[in-house]
Amino acid sequence: MPAFGNSVKGWRERRGIFVVARAGDLHGVGEASPLPGYLDADLGELERELRDLDTFEVDPDDPLASVPSMTHSTSQFAIETAIVDMVGRARGVEACQVLAERPAERCQVYPVISEATAEFQRCKVKIGRDLETELDLISALRTAGVAVRVDANRSLPARDFIATLERLAALGVELCEEPTELGAMLAARELPLPIALDETLQADDGSERARALAADGKLGALVIKPAAVGGLRRALALAELADELGCQIIISHMLDGPIALAAACELALAVDRGTPHGLAAHPGLAAYPPISVPQLSETGIHRHGQPGLGVAWP
């Protein structure tokens with residue numbers, strides 16, 4: 001696959017496990033694709049955990065509550081995805097309708113880009129590897145009228161991250177995702193840009209940390225990756241927290257394969273509040289079998305009208 005990464009790491013290979021849940025003649029599919037160096041699980045650990053899972057009953061009225069607690073986040077996401085897909089197929093409804101009573105019909109996405117273009121109305125830029133070059137790129141994008149948000153993956157030094165945020169604010173950047181360690185953000189009297197939390201939400205006390213940043217008036221968004229935060233059920237709880245705290249909800253991926261990406265799109269439809277999501281197609285998909293993601297198009301995420309995830313195996 002083409003090289004792809006965040007502000008601190010890069011990857012050329014993705015490996016994952018497709019999971020099938022069965023109940024009589026019904027079935028649903030899920031996916032566990034750990035990202036090396038991003039979460040602590042490796043593929044062998046996930047496979048052992050998934051194979052050791054005992055049979056369990058599914059409450060059709062609350063299917064996610066029926067899923068046993070798994071040790072690893074990506075395992076939890078895989079099983080929950082398979083169950084939601086299966087329940088959607090059984091009911092004859094889309095997966096987003098299993099997750100929410102009134103899901104959106106469509107929602108917007110923003111791509112992650114590394115070169116100046118006016119092709120998109122909005123985008124995200126990763127920063128932290130070569131800051132001056134990245135600031136030049138952001139300036140060119142803003143001159144072209146592109147709305148920009150940035151993601152530093154905690155790569156900015158705590159001693160001077162505020163100065164960098166000031167430069168970003170001067171360019172008209174909308175928000176910065178995880179600029180540095182949380183303690184430095186909380187210690188600052190004020191910040192030039194709203195902050196989005198991503199990695200912070202993966203901790204057991206992630207919700208409490210989000211509340212602390214919101215109490216200081218610094219929180220702008222929660223970036224929720226279901227594969228990283230503990231699955232669909234916890235992702236829904238974090239979306240409720242975002243509503244409570246009055247911040248944006250952004251659903252994103254972990255360079256997942258097509259099954260997990262489809263599930264993340266269904267989650268976005270279930271919790272959409274109008275903010276574009278980080279679910280544009282990514283280079284990592286080239287490492288997986290050519291399975292179409294029916295929810296995703298060049299114009300955004302949309303309802304597909306098929307039961308469950310609507311994913312067709314090749």
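A residue is called buried when its relative accessible area is under 20%, exposed when that area is over 50%, and partly exposed in between, using a 1.4 Å probe and protein chains only. The structure is a predicted model, in which local features need pLDDT of at least 70 and side-chain atom pairs count only at pLDDT 80 or more, while totals for chains, interfaces and linings use all residues. Residues are numbered from 1 along each chain as its sequence is written, and side-chain values use heavy atoms, with hydrogens and water left out.

Salt bridges make a friendly place to begin. Side chains of opposite charge can pair when their charged atoms come close. With a salt bridge taken as a side-chain nitrogen of Lys or Arg within 4 Å of a carboxyl oxygen of Asp or Glu, the count comes to 16 salt bridges. One of them joins D151 to K124, with 3.5 Å between the closest N and O atoms. Because D151 belongs to strand β7 (residues 147-151) and K124 to strand β6 (residues 122-126), this pair ties together parts that are 27 residues apart in sequence. Here strands (E, at least two residues) and helices (H or I, at least four) are DSSP runs, numbered from the N terminus.

K124 also forms a salt bridge with E177, where the closest N and O atoms are 3.4 Å apart. E177 lies in strand β8 (residues 176-177) and K124 in strand β6, so the parts tied together are 53 residues apart in sequence. Both K124 and E177 are buried, and D151 is buried as well. A network of salt bridges links K124, K126, D151 and E177.

Another salt bridge pairs the side chains of E178 and R154, at 3.1 Å from N to O. E178 sits in the loop between β8 and α6 (182-187) and R154 in the loop between β7 and α5 (161-170), so the pair connects parts 24 residues apart in sequence. E178 counts as buried, at 0% relative accessibility, whereas R154 is partly exposed, with a relative accessible area of 36%.

Attention now turns to the lining of the largest pocket. β3 (17-23), α1 (43-51) and α2 (73-91) each supply at least two residues of this lining. The largest share, 7 residues, comes from β3. By class, the lining has 17 nonpolar residues (Ala, Val, Leu, Ile, Met, Phe, Trp, Tyr, Cys and Pro), 5 charged residues (Asp, Glu, Lys and Arg) and 1 polar residue (the others, Gly among them). A pocket is an open set of points on a 1 Å grid over the protein atoms alone, where a 1.4 Å probe fits, with protein on both sides within 12 Å along at least five of seven lines; lining residues have an atom within 4 Å of a point.
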